[in-house]
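The sequence and structure are shown first.

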Amino acid sequence: MKCLRNWLLVLICAAGSVPAIAQLPAALIPEPREIEVLEGSFRLSQSTGLRADKALARTADLLGDYLTATYGLRLKGGAAGKNTIRLVVDRNAGDEAYTLRVGEDGVTIAGSPAGVFYGTQTLRQLIGQTNDGLAVPYVFITDGPRFGYRGLMLDCGRYFYPVEFVKQYIDLMASYKLNRFHWHLTEDAGWRVEIKKYPELTRIGAWRGSTQRGPDPVRDQDRMPHGGFYTQEQIRDVVRYAADRNVTIVPEVDLPGHTMSVLAAYPELSCTGGPFAVPTTWGIKEDVLCIGNERTIAFVEDVLTELAELFPGGLIHIGGDEAPKRRWHECPKCQALIAQKGLKDEHGLQSYFIHHLQRFAASKGREIMGWDEILEGGLAPGATVMSWRGEQGGIEAARHGNPVVMAPNHYFYFDYYQSKDLAAEPFNIWGYVPLDWVYSYEPYGRELTPEQCRNIRGVQANVWCEFIHDEDKVLYMAYPRVLALSEICWTPAAKRDYGGFVRRLPERLHELDRRGVVFRIPEPLGIDRAEVRGNRVVVALEPLVRDARIYYTTDGSDPMVYGKLYTGQIDVPLAFDGVNIQCVVRLPSGRSSAIYKVTPREKE
Ligand SMILES: [Zn+2]
């Protein structure tokens, strides 16, 4: 509602006086904690200055670079006076909090260093093009995040993405105020991080002979070699790049399952001795690390040691998911360890292993995170649980007093479909997680006390890449759902409102289009609201991207080829076989949506 009031205020201001520059709306995602839109606009031009406290020099550079790349502006450094953007450290500001004031005195962003970075992201979203040039509406914003952990994962284990793309992914997520990049670095299908002590991991484990591109594990093999890995030097570069954007990297090495790439390189770490190959099919593999083998323990300790040196963030994700117990059950070494330690069974062995990793990581000043399977057989103290098989694991861990990040698959697996019309979507694994469904998620379940809710540190979405083998497809699957995630993570629960989100979306998607991001173009508003009135059908459509056009046909023919430009409500005779209206949405960049079918309004 607050947002709607802002829009009304904008309209009233525009009508009530004659501002020097046309008033602009404040269509921000995520919606800030408090926003007041005032009358008037700040004019942004070549003569505008940029002044920053020393600790904010990097943030100022990034803002300056953005304004140059996007608008051709080169702001003058060290300027003073009213026509200036000032970035100021406020030592009293909360972690990641800031205020943004745009008025007659210029633009001032004050906050913690991270907060000021977010203030510049908000400022970027406020800049608009008017007939008189670039302008920023007068606003007063007080802002800070709801959750400290705001995560997004990319599965670089199943498919290797080059450093430049990883950086783009981080840059985009940071612009929506997400702050944890979960880098899934190892998988059965590929080991992607250089470990100096174990060179065979990347010489052998980073490469495979083929990739399964469709549902059939035999027929759908592309028989093209695939692989790659990140050198330690590249990783340090990405860590710095992320830190400049207030993004901490949570590296994941998946243990003790999902390790076929390890076993292909070092078969002696398995229960059977191998030999193994890096697999070319997806799914859970029987072979896992042999916990009863001392060399395995030395191996994981060495890997964690190098990871702790590479990644300065506090958390290391050790996986812990989907490790079948059959090999351990049949392995003399594993059974001997179970007997020696008095463990109950193979689940006890998994728990023993995770506890060991937790203690070892702690000796390096790191905490571990794992998938909710790490609950099985007893949870390691202080381990953060990432709840993916629904929320139950997270709820259990929160009750137990462990930190939790909610990533329930039925809301936050962004490799799941965004539409039920599978023919209009790129092939994917399964599932259905549309934008409004993602937005509806509330991390504080009713089953938890306020005390237990404090253990929920945040929310994350995951982009798994079994069937995502292309950079544009990664972005298509992630966006615009990341925008919904961002608002869940950032905006106070009481201010969240899907209607408001949808009203702010067109401006943000217009910006994503300008940035060249291949996001999924949402169906126009009204597409499921056709009204059958006697023998006519009437429908009004509205694109969810600013300046997009809709082309439609009413006889079942292809709107991509034969579409008429939508200029107002469609009112046509009902076709003999019912409502037969189809449309496409074409963006300012020229990119087009899939074909969307207009459907009659459901009877309420
Ligand atoms: Zn074993």
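## Basis and a starting point

In which helix does Arg-236 lie? Arg-236 lies in helix 6, where helices (H or I, at least four residues) and strands (E, at least two) are DSSP runs numbered from the N terminus. The model is predicted: local features need pLDDT of at least 70, side-chain atom pairs count only at pLDDT 80 or more, and totals for chains, interfaces and linings use all residues. Residues are numbered from 1 along each chain as its sequence is written.

Arg-236 counts as partly exposed because it has 15 C-beta neighbours inside 10 Å. On this scale a residue is buried if 20 or more other C-beta atoms lie within 10 Å of its own, exposed if 12 or fewer, and partly exposed in between, with C-beta atoms placed from the backbone. The C-alpha atom of Arg-236 is 9.7 Å from that of Glu-309, although 73 residues separate the two along the chain.

## Helix 4 and helix 6

Helix 4 (residues 163-175) and helix 6 (residues 232-244) have axes that come within 10 Å and cross at roughly 20°. Helix 4 is therefore roughly parallel to helix 6. Axes here are lines fitted to C-alpha atoms, for helices over the stretch in contact, and angles run from 0 to 180 degrees between N-to-C directions. Angles under 35 degrees count as roughly parallel, over 145 as roughly antiparallel, 65 to 115 as roughly perpendicular and the rest as oblique.

The crossing of helix 4 and helix 6 is right-handed; a crossing is right-handed if the near helix is turned clockwise from the far one by less than a right angle, and left-handed if anticlockwise. Val-163, Val-166, Lys-167 and Ile-170 of helix 4 make the contact with Gln-234, Val-238, Tyr-241 and Ala-242 of helix 6, contact meaning that C-beta atoms, placed from the backbone, lie within 7 Å. By class, these residues are six nonpolar, one polar and one charged. Ala, Val, Leu, Ile, Met, Phe, Trp, Tyr, Cys and Pro count as nonpolar, Asp, Glu, Lys and Arg as charged, and the others, Gly among them, as polar.

## Two further helix pairs

The axes of helix 2 (residues 57-71) and helix 3 (residues 113-126) come within 10 Å, with a crossing angle of roughly 15°. This makes helix 2 roughly parallel to helix 3, and the crossing is right-handed. Thr-59, Leu-63 and Tyr-66 of helix 2 face Val-116, Phe-117, Thr-120 and Arg-124 of helix 3 in the contact, which divides into four nonpolar, two polar and one charged residues.

For helix 8 (residues 294-310) and helix 11 (residues 346-363), the axes come within 10 Å and cross at roughly 40°. Helix 8 is therefore oblique to helix 11, and their crossing is right-handed. Ile-297, Val-300, Glu-301 and Leu-304 of helix 8 meet His-356, Leu-357, Phe-360 and Ala-361 of helix 11. This contact has six nonpolar, one polar and one charged residues.

## The largest nonpolar core

The largest nonpolar core holds 177 residues, and Met-173, Cys-334, Val-463, Val-482, Leu-485 and Cys-583 touch the most other members. Such a core is a set of buried Ala, Val, Leu, Ile, Met, Phe, Trp, Tyr and Cys residues joined through C-beta atoms within 7 Å. Helix 17 (residues 481-490) gives the most to this core, with seven residues.

Which residues does Val-463 contact, leaving aside its neighbours within four places in sequence? They are Met-153, Leu-154, Asp-155, Phe-414, Asp-415, Ile-468, Val-474, Met-477 and Ala-478.

## Backbone features in loops

Two peptide bonds are described here. A cis peptide bond with omega of about 0° joins Ile-29 and Pro-30, and Pro-30 lies in the loop between helix 1 (2-16) and strand 1 (34-44). The bond from Gly-274 to Pro-275 is also cis, with omega near 5°; Pro-275 is placed in the loop between helix 7 (260-265) and helix 8.

Lys-177, which is not a glycine, has a positive phi near 70° and is found in the loop between helix 4 and strand 10 (180-184). Lys-177 counts as buried because it has 24 C-beta neighbours inside 10 Å. Asn-246, likewise not a glycine, has a positive phi of about 55° and is found in the loop between helix 6 and strand 15 (248-255). With 20 C-beta neighbours inside 10 Å, Asn-246 counts as buried.

How values were computed. Contact = placed C-beta atoms within 7 Å.
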